[in-house]
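Q: I want to learn to read this structure feature by feature. Can we work through it together?

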Amino acid sequence: MKQRLLSLIRKEFIQIVRDPRTLVLTLIYPVAMLFLLGYAITNDVRNIPLAVLDRDHSGQSRALLDAYRSSDYFKLEYYITGEDEMNYLIESNLARAAIIIPPDYGREIVAGRTGTVAFIIDGSDPNVAGTALTAAVMVGQSQATKIVASRTMRPVQSQLPVDVRTQVWYNPGMITAYYMIPALIGMILQFLTTFLTSTSIVRERERGTIEQLIVTPIRSWEMVAGKMLPYVLIAFFDMVEILVVGVLLFNVPINGSLVLLLILSCLFLITTLGIGLLISTVANTQQEAMLTTMFTLLPSIFLSGFMFPLAAMPTFLQVVSYAIPLRYFLIITRGIVLKGTGASVLIPEILALCFFALLVMAATAVRFRKQLD
Amino acid sequence: MTETVLLVEHLSRSFGDIHAVKDVNLNVQPGQIYGLVGPDGAGKTTALRLICGAFKPDQGSVKICGFSLLDKAEQARERIGYLSQQFSLYEDLTVLENIRFLAEVRGMAHDEWLPRSRENLAFVGLDVFKNRLAGQLSGGMKQKLGLACALVNRPRLLLLDEPTTGVDPVTRQDFWQLVIRLAGELGMAVLVCTPYMDEASRCSRVGFIRKGKIIQEGTPSQLRQLLTGRILELKGDPVPLLLEMARRDTDVQDAQRFGEQIHLRVAEGRARTVKRRLDREIRSSGGTVRSLQEIPPLLEDVFIELAGTPQEARDE
């Protein structure tokens, strides 16, 4: 029994090594993906190109523009003279926002009244628009506070009746990469492992080698385990790779227990490898297996909380998300990496993953009857 | 009394409404080579797959050395060597790695399989290629490797599914010499499916399968005797005329041209009548008959008789 399993694993390894292209792809793909996604998926909007229509040209207007410039949110790229020019710049995406300072701005402020400026934002990309809106208001308010202070010649002290003091925990810099990279571990591992195993049993069927396997005394579960274990090892290596790159390149701090993270990752890997094997027992051709894998995994991008917060979704979709193993793993990785969460807090998620792993393995062993038909 | 290696009783399997295998019974003894012959689509491969356990039967039982394939599958399978019709070994593994894998999963230890596979590779003549990838072997060599793998754990029962289809005549000869030696020297029981009658005539017993049923069974000579006195050989000129006249005769069931001669199969007890009548008719139509005489039937003739015309097969 033990020998049969070992022989199966040995055979899989020989086959993996004999196919160096797939192997290299398997080892390079995760880091390449991390690199790509790590840089691309970021909500930290900076340097929004801003068009400036300054009709005032006073010291006051220059002070206001300096405030925007030094905020980092905006890059003052275009100094224009008319509204036509502004329309053109925004339409052609050269500028994503514009500020219009009216001719009487400086005079009004000097006279102790309120100077009004217009701020136009291109709302076609809500992400950029949101940041631009907040930044525009924030910078304007702080400039206003400064002006009030200079008028009264003393610091403004809590003129506001409510003083909200915010404190951001775990990721004070609110750096998106810190939030995304732990999730990317789950996402990349899920795709890689499911794809790897989804073709493995179909391949035996397509090449006719299954016929010889069936006639041997190998048992179904030995077959399933023999197909899975080599890939657990490869996937585990991939995961370590992602973690190392995440820490070294993106400076993601791992606040929690690394050991716990690795153990729970294995649990998740068994589930995703199992899903691949299950697909492999159902599909008739490798192509069919690939497509099925694609369709099975795609919803998880949107429904696992990877990109969009689950809390913001309609109840129906939130319920659906409970059926997606990645959902639980993302809570685990983000928890351990960012918050340093311990196992006791993660018990519901761990139980859910155990449940999925068992379910998928059992379904695969049942599906993989040692028969040709 | 020798123990029965393969005992098949009332084996049946259908796919949808097609009865691929219907109530097949087999009994194969050690040292016996049992040939399963029949036209394409008769159910030979399905029968073999049922016997090796790749398909589950709807009805009936398969026992290998007394172990039922249903509830003692592991013991039963350990005693089977199976060579499927298409190559079913790993093309990305070397010759030796393939043998090793199949030996180990059949429960052989390292000190057991290594000498055995050396021996087997030498036996099939592949020892010089032991480190070559199986995918780089020629068709005949692949079949020999398949045989070497099937033999590695010295099975009691060897199942061969059209092992020489697409293999050159010399390799075919080699292959059969090997099989005959295995049965003779080691007392292995062999069950072989084949479309070739020259191969069937090498078997100790032949079962003729048609539409999933074994309709005739016996030694090759017993089967040939079925047609004794019913096969005539006709020689003369011109051959096309002779063939046409023969086919027109109501008592001639089948007329086949073999080069310059024609083989006729006639209805039972009608050989004398046909000889007289055909001779007369050919001469009166301007042809010449050099000889028209009874010859001993070939297994080929029996096959054609049993397979029936495609029309008959459909009408049944």
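Q: In what sense do strand S9 and strand S10 of chain B pair, and over how many bridges?

A: First, the ground rules. This is a predicted model: local features need pLDDT of at least 70, side-chain atom pairs count only at pLDDT 80 or more, and totals for chains, interfaces and linings use all residues. Residues are numbered from 1 along each chain as its sequence is written, while chains are lettered from A and ligands numbered from 1 in the order in which they are written. Helices (H or I, at least four residues) and strands (E, at least two) are DSSP runs, numbered from the N terminus. Two strands pair if DSSP finds at least two bridges between them. Here S9 (residues 205–210) and S10 (residues 213–218) of chain B pair in the antiparallel sense over 5 bridges. Ile209(B) has Ile214(B) in S10(B) as its bridge partner.

Q: Which residue takes a positive phi in the hairpin of S9(B) and S10(B)?

A: Lys211(B), with phi near 50°. The hairpin has 2 residues between the strands.

Q: In what order do the 4 strands of the open sheet in chain B lie?

A: Start with the general idea. In a regular strand the side chains alternate between the two faces of the sheet. In this case the order is S2-S1-S4-S5 (chain B), with antiparallel pairing. S2 (18–28) and S5 (67–68) of chain B stand at the edges with a single partner strand each, so one side of each has no neighbour in the sheet. S1 (residues 6–15) and S4 (residues 59–64) of chain B run antiparallel and are joined by 5 bridges. Leu7(B) has Lys63(B) in S4(B) as its bridge partner.

Q: Which residues of helix H11 of chain B are buried?

A: Burial is a neighbour count. A residue is buried if 20 or more other C-beta atoms lie within 10 Å of its own, exposed if 12 or fewer, and partly exposed in between; C-beta atoms are placed from the backbone. In H11 (residues 299–307) of chain B, Leu299(B), Asp301(B) and Val302(B) are buried. They lie on the same side of H11(B), because they cover an arc of only 155° around the axis. That arc is taken over the directions from the helix axis to the C-beta atoms.

Q: How many residues does each chain bring to the contact between A and B?

A: Chain B brings 26 residues and chain A 21 residues. On chain B, helix H1 (44–52), helix H2 (73–78), strand S6 (80–83) and helix H3 (95–105) each supply at least two residues. H3(B) gives the most, with 5 residues. The chain B side divides into 12 nonpolar, 5 polar and 9 charged. Ala, Val, Leu, Ile, Met, Phe, Trp, Tyr, Cys and Pro count as nonpolar, Asp, Glu, Lys and Arg as charged, and the others, Gly among them, as polar.

Q: Where are the domains of chain B, and how many Å separate their centres?

A: Domain bounds come from an automatic or database domain assignment. That gives domain 1 (6–218) and domain 2 (229–295) in chain B. Taken over C-alpha atoms, their centres are 41 Å apart.

Notes: Two residues are in contact if their C-beta atoms, placed from the backbone, lie within 7 Å.
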